[in-house]
Amino acid sequence: MAKKNTLTAAENSMLKKMFWLSHLVFVNFTMAKMEANAFTMSMSPAIEAIYGDDKEAKGAAYVRHNAFFNTHAVALSFIVGIAAAMEKDVAAGKIPGSTVDAIKASLMGPTAGMFDSIFFNCLRVIAAGIAIGLCQTGNPLGILVFILLYGVTQSIMKWILIKLGYSMGLSFIDTVFSSGLIAHATQCASILGLMMVGAMTATTVNVPLNWTITINGAVTEILPLFDAIYPGILSLGIVLLMMFLIKKKGAKPLTLILGLLIFGIVGAFFGIF
């Protein structure tokens with residue numbers, strides 16, 4: 001079991017600075033290094049505190065952390081905390097700087113998959129579902145609910161994880177990976193996220209088809225015919241079509257949104273919707 005260390009007032013102050021800087025994760029984002037600049041910026045309070053006036057060691061640390069890096073924004077804080085704890089060992093001569101690079105590289109993939117599943121595929125969908133339900137009734141609290149559930153929650157987790165990563169360091173990594181916790185948590189979050197996407201599709205995607213056919217004076221509505229085949233088949237069809245266009249054809253989501261908007265306006269003009 002990983003043993004949690006008590007943080008000093010100076011360390012808490014340092015971590016607070018790192019925490020706020022970690023919110024700038026997409027500042028100076030580049031396709032070449034992605035989140036490297038944000039990671040370096042988040043590490044700067046620790047580097048300054050650990051190496052002090054040692055300009056050579058300080059410069060090496062800045063260069064080390066400005067290498068390619070990319071993961072989920074919340075997970076970045078956790079890895080920043082671990083890297084800060086490891087920099088103390090580098091300064092003390094216990095481990096080489098290359099070990100920090102290796103740990104960062106090994107954590108990028110697993111944490112990105114885990115936190116993308118939790119926040120993008122699960123929490124975001126839940127928050128959006130609640131917020132959309134409120135906004136549909138004209139309640140402006142829907143916007144606030146989304147910000148609180150999705151945005152503020154991430155910020156709280158960033159603070160918890162940066163302290164956890166720093167106080168437990170490498171011992172926490174050994175415990176988590178040896179127990180298989182990350183793999184199980186990622187799988188569970190993925191399953192829950194897929195369930196929420198399906199539920200949200202069924203309750204929020206609606207095709208109000210008003211198209212009718214007149215045969216020998218009898219008016220037949222088209223929508224009930226589709227629903228008789230499979231309830232909500234048109235809604236499901238639109239979602240699957242959008243997924244196909246994005247995944248297989250490389251269509252941009254913004255282009256599809258604008259296309260659906262135009263299609264809906266034209267359809268409403270001609271009485272189809």
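There are zero disulfides in this structure, a disulfide being a pair of cysteine sulfur atoms within 2.5 Å. Two cysteines are still worth a look. Cys-122 has a relative accessibility of 9% and so counts as buried, whereas Cys-135, at 38%, counts as partly exposed. Here buried means under 20% relative accessible area, exposed means over 50%, and partly exposed lies in between, with a 1.4 Å probe and protein chains only.

Before going further, please keep in mind that this is a predicted model, in which local features need pLDDT of at least 70 and side-chain atom pairs count only at pLDDT 80 or more, while totals for chains, interfaces and linings use all residues. Residues are numbered from 1 along each chain as its sequence is written, and side-chain values use heavy atoms, with hydrogens and water left out.

Now for the overall layout. The protein has ten helices and two strands, arranged along the sequence as α-α-α-α-α-α-α-β-β-α-α-α. These elements are DSSP runs numbered from the N terminus, with helices being H or I of at least four residues and strands E of at least two. Of the 273 residues, 34% count as buried. Contact means heavy atoms within 4.5 Å; among contacts with a separation of 6 or more, 68% are between residues 24 or more positions apart.

In the loop between α1 (9-21) and α2 (36-51) sits Met-34. Its phi is near 55°, a positive value in a residue other than glycine. With a relative accessible area of 18%, Met-34 is buried.

Next come the aromatic rings. Rings of Phe, Tyr and Trp (its six-membered ring) pair if their centres lie within 6.5 Å; planes under 30 degrees apart count as stacked, over 60 as edge-to-face, and the rest as tilted. By this rule there are seven aromatic pairs. In one of them, Phe-39 and Phe-69 have ring centres 4.6 Å apart and planes at 50°, so the pair is tilted. Because Phe-39 belongs to helix α2 and Phe-69 to the loop between α3 and α4, this pair ties together parts that are 30 residues apart in sequence. Both Phe-39 and Phe-69 are buried. Elsewhere, ring pairs join Phe-19, Trp-20 and Trp-159 into a cluster.

Helix α3 also holds Lys-58, which counts as buried because its relative accessibility is 14%. Setting aside neighbours within four places in sequence, Lys-58 is in contact with Ile-47, Glu-48, Tyr-51 and Gly-52.

How do α3 and α4 meet? The axes of α3 (residues 55-65) and α4 (residues 73-91) come within 12 Å and cross at roughly 145°. The axes are lines fitted to C-alpha atoms over the stretch in contact, and angles run from 0 to 180 degrees between N-to-C directions. Ala-61, Arg-64 and His-65 of α3 meet Ala-83, Glu-87 and Val-90 of α4. By class, this contact has three nonpolar, one polar and two charged residues; Ala, Val, Leu, Ile, Met, Phe, Trp, Tyr, Cys and Pro count as nonpolar, Asp, Glu, Lys and Arg as charged, and the others, Gly among them, as polar.

Finally, Ala-75 lies in helix α4 and, at 0% relative accessibility, counts as buried. Not counting residues up to four places away in sequence, Ala-75 touches Thr-111 and Phe-115. The C-alpha atoms of Ala-75 and Ala-112 are separated by 6.9 Å, although these residues are 37 apart along the chain.
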